[in-house]
Amino acid sequence: MEKELLFITVIGEDKKGIVAKISNFLYKKDINIEDINQRIMGDGYFVMTMLVDIKNSTIPMEKITRELEKIGKSLELRVQLQHENIFKMMHRV
Amino acid sequence: MTISVEEVYETASMILYQNLDIRTTTLGINLKDCIDSDFKVFKKNVYDRVYTNAVKLVEQARVLEMKYGIPIANKRISITPVSLIMESHCVQSKFIEMAQTLDRAAADAGIDFIGGFGALVQKGLTKSDRMLIDVLPDVLSKTERVCSFLNVGSNVAGLNLDAVNLLGSMLKQTAEKSNNAIGCAKFVVFVNAPEDNPFMAGAFHGVGEGDITLNIGISGPGVVKAVVDQNRECDLTRLSEIIKRTVFKITRAGELVGRELAAALNIPFGIVDISLASTTAAGDSVANVIEAFGIEKIGAHGSTLAVALLMDAVKKGGAMASGNVGGLSGTFIPVSEDEGMIDAVQKGALGLDKLEALTAVCSVGLDMFAIPGDVPEETINAIIADELAIGIINNKTTAVRVIPVPGKKAGSLVKFGGLLGTAPVMEVNPFSAKNFLKRGGRLPAPVTSMRN
């Protein structure tokens, strides 16, 4: 089965446990992390992106989004889940 | 292919902090084959056609919102111009019943506006066209979601002044009949109206279109303002370049969502309308983009140049991003829906004359502005005719959405609420063009050579 790749974007203030909380959730739902990056942006925001494959996920995308939002709230961070196609379209000619 | 953190962050910021959204997904539906000699059957056919398609649109749009994390602000329907399908049922009460049927179908399906209760009268008026104009005050005040348009001129036909001359009176009646004159906000008069425009109130499904098609309106004044803010010192060439790049990106997002939505609905994808469209949300203002260029308040001298630059850069970026650019594809500067425009009017920076000048370089005309309720109807006709002349002579679409508010004087404020915002009532030139307009007839189609 072909991979179904999505980006998780986490934006906010850097703090302990961000990667742990999110990757633990993903592991439990059989979502594989393909790539992970983080950076402090020029405007001071901490940004982490995770490229994840949800083809074996035990829950549908809608539920993943909701769960991630919950985790985001508990850490006071913005968390977004978006299919990789939108980034390909917007940033590659 | 790897996408960098910066690129992911840029897209996420556009959506989270700069109000990037798919402004509208509009399903254009042909209703010609719904016509039946039995009016009851005809109405049922129309209701079923609109309702079933609208429900699917709402459902699939939700799925894509989730997939791409990008809000789809509005789901709408545009239909075959109603005067056309009502030719053989040309009775006032039936026109109103048809409007109520459309209103009900839209409401039941969860659609906020349905456009196309209008007519193409650039050359002349049929009996049905006249009747449609006659019933508009009732339709616009008694229905909630039905939007209306008239196309009263084109480069090929010229401008039908006889049709324009019917509008001042129609708008004043509509204003009287509806709360806060709100009915007038659902009517647009055009020249060179595009048949695939997805934006309300002027959307309709043109006679040159197929059975069904999906059109997308993408927007993001907030996104453009953010990049302009980051480039405060650069020259105009560079400014144009950075706007082009940004519009390219947001148009691509629109193209992606449009294509996937059309595929999910199993219908042809129509166009992406790249117009920058303001909303009442803070920071989602075209006027604020112009002000970020270095103009103190929109309306100041220099604003026309600024709007021209913005307009041209938006078109170039959008045209590179999609082979399906269509609709209006300009920059809207509606007064009541843009906090920067409202502020400029209230501070005396922007008047009706400068607003008209700005529309000469940007789509789509004089939009969502209020005038005192006691402005004579022939002056309303003259405001419309002036704006439309700009479109005819300059080979572009122009339009007017004017709201004469009963009992209000220049300087007062009218709150429409929701998407339609708040309109400061603008001052109108007190001198009259009555004797000129009463000549009637048609402004001949312009020459297309000798263009200086």
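This is a short exchange about two interfaces in a predicted model.

Modeller: The model is predicted, so local features need pLDDT of at least 70 and side-chain atom pairs count only at pLDDT 80 or more, while totals for chains, interfaces and linings use all residues. Residues are numbered from 1 along each chain, chains are lettered from A, and side-chain values use heavy atoms, without hydrogens and water.

Biologist: Why is the meeting of B:E6 and A:R39 called a salt bridge?

Modeller: The term needs a side-chain nitrogen of Lys or Arg within 4 Å of a carboxyl oxygen of Asp or Glu. The N to O distance here is 2.5 Å, so the pair qualifies. The rule finds 3 salt bridges across the interface of chain A and chain B.

Biologist: What makes residues of chain A and chain B count as being in contact?

Modeller: Their heavy atoms lie within 4.5 Å. By that rule 28 residues of chain A and 31 residues of chain B take part.

Biologist: How much area is buried between chain A and chain B?

Modeller: About 3000 Å², with 68% from carbon and sulfur atoms. Buried area is the accessible area (1.4 Å probe) that two parts lose on being put together, summed over both. Of chain A's part, A:M89, A:M90 and A:R92 supply 24%, more than any other three residues.

Biologist: What makes B:K67 and B:E260 a salt bridge?

Modeller: Their side chains are 3.1 Å apart, N to O, and the limit given above is 4 Å, so the term applies. Across the interface of domain 1 and domain 2 of chain B, the rule finds 1 salt bridge.
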